[in-house]
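This briefing sets out selected features of one structure, grouped by topic. Please read it with the sequence and the coordinates open beside it.

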2 protein chains.
Amino acid sequence: MHPFDKALELEPSDDGRWRGRTVPEWANMVGPFGGITAATLVRAVELHPQRHGQPIALTVNYVAPIADGEFDIVTRVVKTNRSNQHWIVELSQDGEVKTTATAIFGLRRDTWADTEVTPPQVPAPEDTVASAPPFGVVWFDNYDMRFADGAMPDDGAESGSSTTTLWVRNNPPRPMDFAALASVSDIFYPRVFLRQGQFVPAGTVSITTYFHADDEQLAAQGDEFVLATARAQAFSRGYFDQTAHLWGRDATLLATSHQVVYFKG
Amino acid sequence: MHPFDKALELEPSDDGRWRGRTVPEWANMVGPFGGITAATLVRAVELHPQRHGQPIALTVNYVAPIADGEFDIVTRVVKTNRSNQHWIVELSQDGEVKTTATAIFGLRRDTWADTEVTPPQVPAPEDTVASAPPFGVVWFDNYDMRFADGAMPDDGAESGSSTTTLWVRNNPPRPMDFAALASVSDIFYPRVFLRQGQFVPAGTVSITTYFHADDEQLAAQGDEFVLATARAQAFSRGYFDQTAHLWGRDATLLATSHQVVYFKG
């Protein structure tokens, strides 16, 4: 089984309750990679028999580190409207909440459409070096990351810009879906590392992802690379923000994603 | 009493429960202005005796329209960490949930700081015409809005850009605080109106605001105008996103805010 799908294996344990477990392949410095947790919460809602429509918006709040082992997810339908549906999701271990989320699923309808932003102009992934991050974190091996701009600093040099742009896909390749897109929305190492040219303690507190692509547009991506670009807007008294765009190789804007990150330094 | 503070009047009704009521001054086309609801949820957490720190991040999900009359807010501390605190908040009427939110409060610490984005260059508010929106919505009267760019269209002309920039402050003026900032983060009329040059059915589904300013920086704003700028990034199959910056008159980035909006057209 693909390591991504292995992490998303959930068994129903009661009405709206699911049981899952951490897998060693997704270990981060403390607990699992936040992206795989976000993906697991998307999957839990997708599995719910009352699920109505496709993911539109997801906010995941990282409350406390998830310990190695089993966890419980409770998915609660707050309300099902005609065109959308609101969820509250909580992941806990031994009764202690580790992650909270709200999700909005919705029906997609044909409307006028336009994308105002444009993707960064970068060389193709085939012409970009696959990079190994300068320090070993287990989950990095699950992605093929090819940095066009703002690779993780390994020389102590400060940067005036917090922008990182990379091609990224699952390693081994795997078809794109909403869970995979939720995960890759959190692919970026902390922007403060790039600005300061060094590792400092930092961790995502909350991430919000808006899904612009529908299921057909995601399926059309196949297992191709995604062009992911992110920057911080402000660093202030212990927290910074990050705003990101996830582009399909066909220049479809798949998602925009925002997060607030705790840091010291 | 100032109409803003009148809308935020809450009485404790039980442990972590609050009772409030809609006020006619904040009426939108359906239910109250979303910004005043967001502000009320911030205030409910601020009133909680276990509140720890200042607002860092707020996500508000508009589940169903709030009817005229009383409402109940339940504030639940999910976890208090050393430096931050996670909340789940629900607003309901007669037991039916109308709004959900997650909030992160945190302690601010002295760290390295930098703002990477820059405010739009526009004339001072004193040199900008206070504008009356072309159709009457009650809550608009609670703000003095002076559009530098992207005023609400009244001539049917489509626009190639969804960007709106305005100076805005409470009317009558009122000192800035976190609740007021949460409200003004939702000040923008739907971006699809600007692109299409006309009113179409649209409504915010979810808004996320990151507070970059701390309480001292907010207090320093006094009752001055805020420079608010927003744009959409993508319109796709029934939903579009909006990303916004709220600047103090002293060029402090007070907040960044993001939302996803339902639309027809």
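In which loop of chain A is Gln233(A) found? Gln233(A) sits in the loop between strand E11 (226-231) and strand E12 (234-236) of chain A, and the model in which it is placed is a predicted one.

**Gln233(A) and its surroundings**

- Gln233(A) counts as buried because its relative accessibility is 5%, and the cut-off for buried is under 20%.
- Leaving aside neighbours within four places in sequence, Gln233(A) is in contact with Asp241(A) and Thr243(A), and also with residues of chain B, among them Asp114(B), Glu116(B), His245(B) and His258(B).

**The interface of chain A and chain B**

- In the contact between the two chains, 68 residues of chain A meet 68 residues of chain B.
- The size of an interface is often given as the accessible area lost when the parts come together.
- Here the area buried between chain A and chain B is about 5,800 Å², and carbon and sulfur atoms give 50% of it.
- Trp112(A), Glu116(A) and Arg237(A) supply 15% of the area that chain A buries against chain B, which is more than any other three residues.
- The rule finds 14 salt bridges across this interface, and 50 residue pairs in polar contact, both residues being at pLDDT 80 or more.
- Strand E14 (residues 253-263) of chain A provides seven residues, the largest share of the side of chain A that touches chain B.
- A salt bridge joins the side chains of Lys79(B) and Glu96(A), at 3.1 Å from N to O.
- Val78(B), which lies in strand E4 of chain B, is buried, with a relative accessible area of 16%.
- Not counting residues up to four places away in sequence, Val78(B) touches Val63(A), Val97(A) and Thr100(A) in one chain and His86(B), Trp87(B) and Ile88(B) in the other.

**Strands and a helix of chain B**

- Strand E1 (residues 11-14) and E2(B) pair in the antiparallel sense over three bridges, and Asp14(B) has Arg17(B) in E2(B) as its bridge partner.
- E1(B) and E2(B) form a hairpin with two residues between them, and Gly16(B) in the turn has a positive phi of about 75°.
- Strand E2 (residues 17-21) of chain B has a covered face made of Trp18(B) and Gly20(B), whereas Arg17(B), Arg19(B) and Arg21(B) make up the uncovered one.
- E2(B) is also joined by five bridges to strand E4 (residues 70-80) of chain B, with the two running antiparallel, and Arg21(B) stands opposite Glu70(B) in E4(B).
- Helix H2 (residues 34-47) of chain B has 14 residues and reaches 20 Å from its first C-alpha to its last, close to the 20 Å expected; 13 of the 14 residues of H2(B) are buried.

**Salt bridges**

- A search of the whole structure finds 38 salt bridges over all chains.
- Glu25(A) forms a salt bridge with Lys6(A), with the closest N and O atoms 3.0 Å apart.
- Glu25(A) lies in the loop between strand E2 (17-21) and helix H2 (34-47) of chain A and Lys6(A) in helix H1 (residues 3-7) of chain A, so the pair ties together parts that are 19 residues apart in sequence.
- Glu46(A) and Arg43(A), both of them buried, form a salt bridge at 3.1 Å between the closest N and O atoms.

Definitions and conventions:
Residues are numbered from 1 along each chain as its sequence is written. Chains are lettered from A and ligands numbered from 1 in the order in which they are written. This is a predicted model: local features need pLDDT of at least 70, side-chain atom pairs count only at pLDDT 80 or more; totals for chains, interfaces and linings use all residues. Side-chain values use heavy atoms; hydrogens and water are left out. Helices (H or I, at least four residues) and strands (E, at least two) are DSSP runs, numbered from the N terminus. Buried means under 20% relative accessible area, exposed over 50%, partly exposed in between (1.4 Å probe, protein chains only). Contact means heavy atoms within 4.5 Å. The expected span of a helix is 1.5 Å times one less than its number of residues. Two strands pair if DSSP finds at least two bridges between them. Buried area is the accessible area (1.4 Å probe) that two parts lose on being put together, summed over both. A salt bridge is a side-chain nitrogen of Lys or Arg within 4 Å of a carboxyl oxygen of Asp or Glu. A polar contact is a pair of N or O atoms within 3.5 Å; within protein, one must be able to donate a hydrogen and the other to accept it, and residues adjacent in sequence count only if both atoms are side-chain atoms.
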